[in-house]
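Good morning, colleagues. Please look at the structure as I proceed.

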Amino acid sequence: MMLKRSIPSLALPLLTFTTTTSSSRIRRRRIIIRYDYIVCCKMSSTPTPTATPTTPRFPKFISLQNTYSSTSIPLRLAAAAADDDDDDDIKRETARDRLRFRLVSYNILAQVYVKSSLFPHSPSSCLRWKARSQALLTLLNNLGADFLCLQEVDEYESFYKPNMDTNGYSSIYLQRSGNKRDGCAIFFKPNSAELILQENIDYNDLLNSIQNGTLLSDDIQNDEQATVNKDATVKSGSTPKDTPQERGDPNDPCVRLKRDCVGIMAAFKLKGSFNHIVIVANTHLYWDPEWADVKLAQAKYLLSRLAQFKTLVTNKFKCASSLIAAGDFNSTPGDKVYQYLISGTTSSPLETIRGLEDVPIPLRSVYDFTVGEPKFTNCTPDFTNTLDYIFFSTSDCIKPVSLLELPESDSSDVAGGLPNSSHPSDHIPIGAEFEISSSV
């Protein structure tokens, strides 16, 4: 075990001592003291784990058994169970008819945005990349998800891709446009799902849809909900992704829509005893509450692209598909972006954006659909609210059967705000286990 200590820089001799147990067997212990470290090496058969400045919290999936009755088994075991000669006919039928997979969405906080001035409440040891990277990697691997939708991913090529590959995940990644260094990534387990089609979303493409040179945004910016969001986010410890100088002239619609935000849509063929495709979208919408019209335009563009992609997948592969859209939507429950995503309509039409007609995709937030939205997914001393969601299409043959547990507002592991020793990001992961039924 290696423990950091603040001791004078002294050249000290090596000290060795032995102790004798009651059985007269000798156990030798060496203590090496050098510079600013104390290394204690115990000669035993069980290695002692290396201590790190952060100890991430490992949430578990909690069954929704009281909401849904299900006897199906996890996706990754379905095929094997179906071929097991010892299983009875009922179990084999269950394995053939139902599959399960787990999906987690998590804004992991890009290291490029981690500055002590922006997170003065966080211990400095929790902000250093060496500590944060290992805490994040440990947490991601302990979630046990088949799909990981991550936002604010930087260091993708140098850290996340090789390390997650070692732990059994393949991945796709899209970096933000412009000079932004982070992006969105979907990690998935090849033994659970096969990637068969992918499309990227660059919200800067909205620039091509501008008509008449103005945006109808006053009704969005001046309404009561936008004011609430503005006050909350300005007080938030969340890191702004650009400065007022970088944002440019807010009255120029070309400047207004060029936010360098992105998303990924991917179709996966689930591995099991029957054919089914799940479409997973991962995105990160613009953060500024003063530009709520931009976020709404991005949400409309997302649903428009998803509807087209779903049609493409259905026609190309002649197979049933389910739709899940996850990410950091930088919108609180009940605001106009949220309402649009769950209804496909909005009371504030963006008539100047061509090709963004209301798309009737019936989406629901998985937490709202089951137990109610979390009290928060982003937590800092001045702002605690929900910004992250997992939406799914309730019209498809898919239903949630368990949820990733979330901390309470008064939990000791979130006291004082995030990041901290239990949570390596200012967001918390959210997740759900879904069940696909072939008979629906």
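Helix H4 covers residues 129-143, which is 15 residues, and spans 21 Å from its first C-alpha to its last, close to the 21 Å expected at 1.5 Å a residue. Please bear in mind that this is a predicted model. After H4 comes Gly144, with a positive phi near 65°.

Which residues of H4 are buried? They are Ala131, Arg132, Ser133, Ala135, Leu136, Leu137, Leu139, Leu140 and Leu143. Their packing partners are strand E5 (61-63), E6, H3, strand E7 (147-153), helix H5 (156-166) and strand E18 (398-404).

Let me turn to the pairing with H5. Two packed helices are described by the angle between their axes and the distance between the axes. Here the axes of H4 and H5 come within 11 Å and cross at roughly 35°, and the crossing is right-handed. On the H4 side, Trp129, Ser133, Gln134, Leu136, Leu137, Leu140 and Asn141 meet Phe159, Tyr160, Asn163 and Met164 of H5. The residues of this contact comprise seven nonpolar, four polar and no charged.

Finally, the glutamine. Gln111 sits in the loop between strand E6 (98-107) and helix H3 (124-127). Is Gln111 buried or exposed? With a relative accessible area of 17%, Gln111 is buried, because the cut-off for that class is under 20%. Its side chain makes a polar contact of 2.5 Å with the side chain of Arg132, and also reaches the backbone oxygen of Leu127 at 2.9 Å. Beyond its neighbours within four places in sequence, Gln111 is in contact with Leu127, Arg128, Trp129, Arg132 and Asp154.

How values were computed:
Residues are numbered from 1 along each chain as its sequence is written. This is a predicted model: local features need pLDDT of at least 70, side-chain atom pairs count only at pLDDT 80 or more; totals for chains, interfaces and linings use all residues. Side-chain values use heavy atoms; hydrogens and water are left out. Helices (H or I, at least four residues) and strands (E, at least two) are DSSP runs, numbered from the N terminus. Buried means under 20% relative accessible area, exposed over 50%, partly exposed in between (1.4 Å probe, protein chains only). A polar contact is a pair of N or O atoms within 3.5 Å; within protein, one must be able to donate a hydrogen and the other to accept it, and residues adjacent in sequence count only if both atoms are side-chain atoms. Contact means heavy atoms within 4.5 Å. The expected span of a helix is 1.5 Å times one less than its number of residues. Axes are lines fitted to C-alpha atoms, for helices over the stretch in contact, and angles run from 0 to 180 degrees between N-to-C directions. A crossing is left-handed if the near helix is turned anticlockwise from the far one by less than a right angle, and right-handed if clockwise. Ala, Val, Leu, Ile, Met, Phe, Trp, Tyr, Cys and Pro count as nonpolar, Asp, Glu, Lys and Arg as charged, and the others, Gly among them, as polar.
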